[in-house]
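Here are my notes from going through this one, point by point. Keep the structure open beside you and find each residue as you read.

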Amino acid sequence: MRRLSGGMAMKRSIILICCCALAGSVVAAQIGQAAAKTPPAGGAAAGGGAAADGGAAAGGGAAAGGGAGTAHTAAALSAGPAPAHIVRAYVRWRKRLHRYGAWTGRNLLRAAAAADGAAAEPTASRLRHAIHRMQARLHRYLRTPEGRASKFRLKSRRIPDWARMKLRSIAACESHGNPRAVGGGGAYRGMYQFSVSTWRVVGGSGDPAAAPASEQTWRAWLLLSRHGAGHWPVCG
């Protein structure tokens, strides 16, 4: 019985050793297969960096392309023919200068029509520059005696016919229609014999006799329409 028990124990030991060896070989094979399937960490990082760099480069190129496209569009609009609203503004300012009797300058639209070519059409920037110059020219002109006279001549067109006839009668009676007349020892001046205080009441400045005749007529109309003819006790 002792010999049989010892033999069985030895067999069990041999079987256990074989099983452990077989399990170790299986585990080693599985580890090897897993290692072969997993990519190196450096390669993955490099691949990710390359992808990121590629995406960033593509995004930067797209952004640069968009900015260049916007600049190109703005340059094309500035270099192309002027839009209709700028052309209308240019025509309107030329008419305004002509109405006041100011110098209008060279007509860019007429010159382009004479050239008879799309390339000769004035650009938007050129017309804007011309408009700004006309605005400054009119502002300077209206500060001259000629411009001041033209300004009030246009305003005097709004005086009704009955008032125009009344003012013509007052002027003929007061000064014989002379805008430089001075009477009353210098107290009454101009075509309608304004006193300086009355002249200021209707918005005048300076010497009434030095003002253009059209301004004197306009301010006489303001006085007549607001206060009646009482300021001309004899001729009114």
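1. Start with the crossing of two helices, α3 and α5, which is left-handed. The contact (heavy atoms within 4.5 Å) involves Ile-86, Val-87, Ala-89, Tyr-90, Trp-93, Arg-94, Arg-96, Leu-97 and Tyr-100 on the α3 side. From α5 come Ala-124, Leu-127, Arg-128, Ala-130, Ile-131, Met-134, Gln-135, Arg-137, Leu-138 and Tyr-141. Sorted by class, the residues of this contact are 14 nonpolar, 1 polar and 4 charged. Here Ala, Val, Leu, Ile, Met, Phe, Trp, Tyr, Cys and Pro count as nonpolar, Asp, Glu, Lys and Arg as charged, and the others, Gly among them, as polar.

2. A word on what you're looking at: this is a predicted model, where local features need pLDDT of at least 70, side-chain atom pairs count only at pLDDT 80 or more, and totals for chains, interfaces and linings use all residues. Residues are numbered from 1 along each chain as its sequence is written, and side-chain values use heavy atoms, with hydrogens and water left out.

3. Back to that helix pair for the geometry. The axes of α3 (residues 84-100) and α5 (residues 124-141) come within 10 Å and cross at roughly 25 degrees. That angle makes α3 roughly parallel to α5. For the cut-offs, under 35 degrees is roughly parallel, over 145 roughly antiparallel, 65 to 115 roughly perpendicular, and the rest oblique. The axes themselves are lines fitted to C-alpha atoms, for helices over the stretch in contact, and the angles run from 0 to 180 degrees between N-to-C directions.

4. Now pick out Met-134, which sits in helix α5. Is Met-134 buried or exposed? With a relative accessible area of 2%, Met-134 is buried. (Buried means under 20% relative accessible area, exposed over 50%, and partly exposed in between, using a 1.4 Å probe and protein chains only.) Leaving aside residues up to four places away in sequence, Met-134 touches Tyr-90, Trp-93, Arg-94, Leu-97 and Thr-104. Take Leu-97: 37 residues separate it from Met-134 in sequence, yet the two C-alpha atoms are 7.6 Å apart.

5. Zoom out for a moment. The protein chain has 9 helices and 2 strands, and from the N terminus the elements run α-α-α-α-α-α-α-β-β-α-α. Helices (H or I, at least four residues) and strands (E, at least two) are DSSP runs, numbered from the N terminus. Of the 236 residues in the protein chain, 28% are buried. Among contacts with a separation of 6 or more, 56% are between residues 24 or more positions apart.

6. How many disulfides are there? The count is 1 disulfide, going by cysteine sulfur atoms within 2.5 Å. A disulfide is a covalent bond between the sulfur atoms of two cysteines. Here Cys-173 is joined to Cys-235, with an S to S distance of 1.9 Å. The link is left-handed, at -60 degrees about the S-S bond. It connects distant parts of the chain, 62 residues apart: Cys-173 is in helix α7 (residues 161-175) and Cys-235 in the segment after α9 (213-227). Cys-173 is partly exposed at 41% relative accessibility, while Cys-235 is buried at 13%.

7. Those helices, α7 and α9, also meet: their axes come within 11 Å and cross at roughly 110 degrees. That makes α7 roughly perpendicular to α9. Trp-162, Ala-163, Lys-166 and Leu-167 of α7 touch Thr-217, Ala-220, Trp-221 and Leu-224 of α9. By class, that contact has 6 nonpolar, 1 polar and 1 charged residues.

8. Last, check two backbone angles. His-176, in the loop between α7 and β1 (182-183), has a positive phi of about 60 degrees although it isn't a glycine. Gln-193, in the loop between β2 (188-189) and α8 (196-201), also isn't a glycine and has a positive phi near 50 degrees. His-176 is exposed at 74% relative accessibility, whereas Gln-193 is buried at 13%.

Definitions and conventions:
A crossing is left-handed if the near helix is turned anticlockwise from the far one by less than a right angle, and right-handed if clockwise.
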